[in-house]
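Please look over the sequence and the structure below before reading on. The report can then be followed with both in view.

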Amino acid sequence: MFRFHPSFAHQPDLSTMMLYQDEQGRSYLQIYGALTAFEGEIDYKYSEKSYKTPEQFKQLVLKHFKKNVFFIVNSNDTLRLERPQVILGHETKVVCEVFGFPKKINELMIKNTMFIDIPNNQSLVILLQKGLPVQQFKLNNSNQQQVNLKLTNGNWELVNLDQYKFNFWIVIIVISLVFLGSFILYTKRFKKAVK
């Protein structure tokens, strides 16, 4: 399980996110990245003067983690990420225990925007949860740091996010037609009232 350990501790644009289960059945999430990536995000979000000690820095990393990492199962159950810890080093880690897995999982949405402000960032997502297919996915700016997965025939299938989004121009056209129709009706009624 641990041979997936990333080997890019000094590359701030690369990180790894691993969801796995131990022998006792407890689930954990680990996010690995270069310390410079964590520092860059914290400095950008909170300013370089927002911390003076490693403990203060860790608290800001945890705050950032809680705002930016989400797992939603079966479209409506949010997994709880509890007891997070930050382990500082050239390769810095955020580790937490994961609760709330339903007995049957059909869909999984994973979002991690912790490093979104780093140019060309990529995060490798590795799923090692017992009873689920072992697969890897990549989060980056082209997929909005998110993957939507559906369990099909024992494998995770990527669900296209665009199929759930409204087309901006269609919405504009529909709103314009509604306003135009309302204006025409109002004008006709106004002309009748004046006569």
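The model is predicted: local features need pLDDT of at least 70, side-chain atom pairs count only at pLDDT 80 or more, and totals for chains, interfaces and linings use all residues. Residues are numbered from 1 along each chain as its sequence is written, and side-chain values use heavy atoms, with hydrogens and water left out.

**Overall make-up**

The protein chain has 3 helices and 11 strands; these are DSSP runs numbered from the N terminus, with helices being H or I of at least four residues and strands E of at least two. Their order along the sequence is β-β-α-α-β-β-β-β-β-β-β-β-β-α. Of the 195 residues, 39% count as buried, where buried means under 20% relative accessible area, exposed over 50%, and partly exposed in between (1.4 Å probe, protein chains only). The chain exposes about 12,300 Å², of which carbon and sulfur atoms supply 57%; the areas come from the Shrake-Rupley method with a 1.4 Å probe. Among contacts (heavy atoms within 4.5 Å) with a separation of 6 or more, 55% are between residues 24 or more positions apart.

Two strands pair if DSSP finds at least two bridges between them.

| Partner of β8 | Sense | Bridges | Residues opposite each other |
|---|---|---|---|
| β1 (residues 14–21) | parallel | 7 bridges | tyrosine 20 and leucine 128 |
| β9 (residues 135–140) | antiparallel | 6 bridges | leucine 127 and glutamine 135 |

β8 and β9 form a hairpin with 6 residues between them, and glycine 131 in the turn has a positive phi of about 85°.

**Nonpolar cores**

A nonpolar core is a set of buried Ala, Val, Leu, Ile, Met, Phe, Trp, Tyr and Cys residues joined through side-chain atoms within 4.5 Å. The largest one has 38 residues, and Leu29 and Phe71 have the most contacts inside it. Helix α2 (residues 54–68) gives this core its largest share, 5 residues. A second, separate core of 6 residues includes Tyr28, Tyr32, Ile126 and Leu128. Not counting residues up to four places away in sequence, leucine 29 touches several residues, including Met17, Leu19, Phe65, Phe71, Val94 and Val98.

**Arginine 26**

Arginine 26 lies in the loop between β1 and β2 (27–34). Is arginine 26 buried or partly exposed? Arginine 26 is partly exposed, because its relative accessible area is 38%. The side chain of arginine 26 makes polar contacts with the side chains of glutamine 24 (3.4 Å) and tyrosine 28 (3.1 Å). A polar contact is a pair of N or O atoms within 3.5 Å; within protein, one must be able to donate a hydrogen and the other to accept it, and residues adjacent in sequence count only if both atoms are side-chain atoms. Apart from neighbours within four places in sequence, arginine 26 is in contact with Tyr20, Gln21 and Glu97. Phenylalanine 99 is 73 residues from arginine 26 in sequence and 8.3 Å from it in space, C-alpha to C-alpha.

**Two asparagines with positive phi**

Most residues other than glycine have a negative phi. Asparagine 74, in the loop between β3 (69–73) and β4 (77–78), has a positive phi of about 55°. Asparagine 120 sits in the loop between β7 (107–112) and β8, and its phi is near 55°, also a positive value. Asparagine 120 is exposed, with a relative accessible area of 59%.
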